[in-house]
Amino acid sequence: MSDLSANQDSWLTRNKLSVAPWFFLAPALAFFAIYVVIPIFESISLSFYEWNGLYAPDGSSTAVWVGFQNYVKLWDDPNFWVSLKNNLAWLILYMLAVPAGLFIALFLNQTVPGMRFYKSMFFFPFVISQVVVGLIFGWFYNPDFGVVGSIWKALYCEETTNILGNVTFRCSRNAPDILSSPEWATYGIIFAGLWPQIAYCMILYLTGLNNVASDQIEAARLDGAKGWKMLWYVVLPQLKPATFIAVVVTVIGALRSFDMIAIMTQGGPFGSTNVLAHYMYEVAISEYGERYGYGSAVATVLFLIMLVYISYFLWRMYQDEKVSR
Amino acid sequence: MFPRPIEKSAPAARAGYQAFLPVALFIWLLPLLAIFATSIRGAADINSGNIFGWPTEFALFENYTAVFTQSAAAQYMLNSVLITVPSVIISVSLACLAGYALAIYKFKVAVPLFFLFVAGNFIPFQILMVPVRDMSVQTGLYDTIAGQFLFHAAFQTGFCTLFMRNFIKALPFDLIESARIEGVKEWRIFWYVVLPLVRPAIAALAVLIFTFVWNDFFWANVLTQGESAKPITAGVRALNGQFVNNWHLVSAASLLAAIPPVAMFFLMQKHFIAGLTLGAVK
C-alpha cells in the first residue's frame with residue numbers, strides 16, 4: 001500500500017497486466033450490469049410484491065410484500081397453464097425447423113450456376129422482421145381474401161351471379177378461419193414461425209456441409225455407403241456443431257416467441273394462443289392498470305425454464321473451453 | 001461433397017434438378033410474393049376480391065407514396081434509423097474492448113465473466129421488462145429514442161462480446177506477446193495491433209446487430225407510447241389498425257419496413273452469414 005501512494009506509476013506499470021483488463025472491461029460491464037444483470041434480480045424480487053408501478057409523492061415505491069402469493073395465484077390461473085402448454089407445443093413443433101433446415105440445405109448443396117442466388121433467396125425469410133412475417137401469414141390465412149381462402153374457394157366453392165349482378169360464392173364447406181379457431185390458431189402461428197426458423201437452420205447446415213471432410217465422404221463412397229446410410233453415419237456426425245447451434249437457437253426462438261403472437265392473435269381467441277412471454281406482457285401492462293408483481297412472477301417462471309437450457313449450453317461451452325486451454 | 005454433385009448424374013436428372021429449383025423457390029417465397037403482388041394492386045382489386053388474378057391496375061408508386069403521405073411511416077423509419085445506428089456503434093465498440101480483455105488477459109474471473117455475457121444473451125426479455133421500463137420512466141428515458149438505443153446497445157453487448165472474444169482468441173497470440181516485449185503500451189496494442197485484425201468481425205457484428213435491433217418489436221412496445229419515438233416495426237402494427245382492410249397499403253408498409261435489413265443482408269452477405277453461423281463449424 002505504501003508503495004502505491006509513494007509511486008503510483010511504478011505500481012501501475014508493475015501490475016499493468018492485472019489492471020489493464022478491467023479498464024477494457026469496465027464500460028461493457030457497467031452497461032451490461034445496469035440493463036441486464038441487475039434487472040434480472042430486481043424482477044425476481046418484484047415477483048414477491050404486488051405493485052402497480054406507481055410511486056408515493058415522497059418518491060418511495062408503493063409495492064407491497066406478498067410473499068409467494070403471486071405464485072399461488074399463478075398456480076390457480078388457467079391462462080397460465082394454457083400459456084405453458086402452448087410453450088410446450090412451440091418447443092416441440094419448432095424443433096421441426098432443424099430437420100427441415102437440414103433437408104433444404106441438402107437439397108441446395110450443389111454447384112449448378114446461379115446457386116448462390118438460390119441459397120440467399122431461401123435464406124430471405126430470416127432477414128425479415130417477425131412482425132412482417134406475422135402480417136404476411138395473418139393475411140395468408142385470411143378466409144375471405146387470403147391465400148388459404150382463395151385456394152379453398154377454388155376447391156369447394158361455386159361462383160354464382162344473382163339477378164342484380166352481384167357475385168356470391170356458394171361453398172360446400174366454409175373456409176377455415178385458422179387464426180380465429182381456439183384449437184388451430186396456435187398451430188397456425190407456429191407454422192408461420194417455422195418459415196424464418198427453417199431458413200436459419202438451413203444456413204447453419206449449409207455452412208456445416210461446406211466444411212464436411214470430403215476425403216471421408218469419398219472413402220465411405222468407395223465402401224459402398226450412400227443415401228440415408230451415408231447421411232446418418234458419415235455426414236451427420238460431422239455436422240454435430242451445426243446441429244447443436246441449430247437446436248440452441250430454435251429452443252431460444254420457441255421460448256421467446258412474442259412478436260408473431262402479438263401481431264397475429266394478441267393471445268386470442270380467448271387466450272388460447274398465449275405463451276408465457278406474451279402472457280407476461282399482457283398481465284404486466286394491461287388496460288386495467290399495471291400488475292408488475294404478477295407479471296414478474298410469470299417472467300420468473302419463463303426465466304427458470306430458459307435457465308435449464310442456458311445452463312446446459314454454458315456447460316457444453318465450458319467443456320470446449322477446458323479442451324482448448 | 002454430400003449429397004453427390006448433380007453434375008455427375010445423368011443429364012436428365014441434372015435438367016430436372018435445375019428446372020425444379022425455381023419451382024421450389026417460388027413455393028418457398030409464395031407468402032412474400034403474394035404480399036408483394038398485393039402491394040402493387042389498386043384498391044378496386046382488393047375490394048372485388050381479385051387477389052391472385054392479373055391486377056386491373058398497377059399502383060406500385062401510388063401505394064408506396066400513400067403509405068408515407070397518409071401515415072407517420074416516414075417518422076417511424078427515421079426513428080428506426082436513429083435507434084439502430086447508435087445501438088450498433090455502442091455495442092460493437094464496447095464488445096471490442098471487452099472481448100479483447102477476455103481473450104488476451106489471463107485472470108481468474110475471465111471465464112465466469114465471459115459466461116455472464118453469453119448467458120445474458122439468451123435470457124427471455126420479459127425478465128428485464130418491468131425493471132427496465134421502470135428505470136426508463138424514472139430517468140425520463142421512457143418514450144425517447146435514447147431510451148431504446150441505450151437498452152439495445154447494452155443487451156447486444158452480450159452477443160457482441162461472445163463473438164469478439166472468440167474471434168480475438170483465435171488470433172495468433174505471438175503478435176501481442178512480441179508487441180509487449182517491445183514495450184508497447186497495452187491500449188496501443190489494442191488500437192494498433194488487434195483492432196485492424198478484427199475488422200471482419202466488426203463488419204459481421206455491425207450487419208447482424210443492425211438487423212436484430214431494426215427488427216425489434218417487443219422493446220418498441222415496452223419503451224414507447226406515441227408516434228414520436230416508435231420504430232417502424234411497432235409503426236407497422238399501428239398502420240395495420242389504421243388501414244383496416246386496405247391490404248394493399250398494409251402490404252406496402254410491411255415491405256418498406258423489411259427493406260433496410262434485406263438490403264443490409266444482400267450488400268454484406270458474406271459477413272452476415274459468417275456472423276450467424278459462428279460456431280456451426282469446428
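Guide: What follows takes one residue and then the contact between two chains.

Guide: This is a predicted model, in which local features need pLDDT of at least 70, side-chain atom pairs count only at pLDDT 80 or more, and totals for chains, interfaces and linings use all residues. Residues are numbered from 1 along each chain as written, chains are lettered from A and ligands numbered from 1 in the order written, and side-chain values use heavy atoms, without hydrogens and water.

Visitor: Why does B:Thr38 count as buried?

Guide: Buried means under 20% relative accessible area, with a 1.4 Å probe and protein chains only. B:Thr38 has 0% relative accessibility, so B:Thr38 counts as buried.

Visitor: Which residues does B:Thr38 touch, leaving out those up to four places away in sequence?

Guide: Contact means heavy atoms within 4.5 Å. By that rule B:Thr38 touches A:Trp139 in chain A, and B:Ile46, B:Asn63, B:Trp247, B:His248 and B:Ser251 in chain B.

Visitor: How many residues does each chain bring to the contact?

Guide: Chain A brings 108 residues and chain B 105 residues. Among the residues of chain A, the three that supply more of its buried area than any other three are A:Phe24, A:Tyr35 and A:Trp139, with 9%. Buried area here is the accessible area (1.4 Å probe) that two parts lose on being put together, summed over both.

Visitor: What makes the meeting of A:Glu321 and B:Arg165 a salt bridge?

Guide: The term needs a side-chain nitrogen of Lys or Arg within 4 Å of a carboxyl oxygen of Asp or Glu. For A:Glu321 and B:Arg165 the distance, N to O, is 2.9 Å, and the pair is a salt bridge. Across the interface of chain A and chain B the rule finds 2 salt bridges.

How values were computed. Buried means under 20% relative accessible area, exposed over 50%, partly exposed in between (1.4 Å probe, protein chains only).
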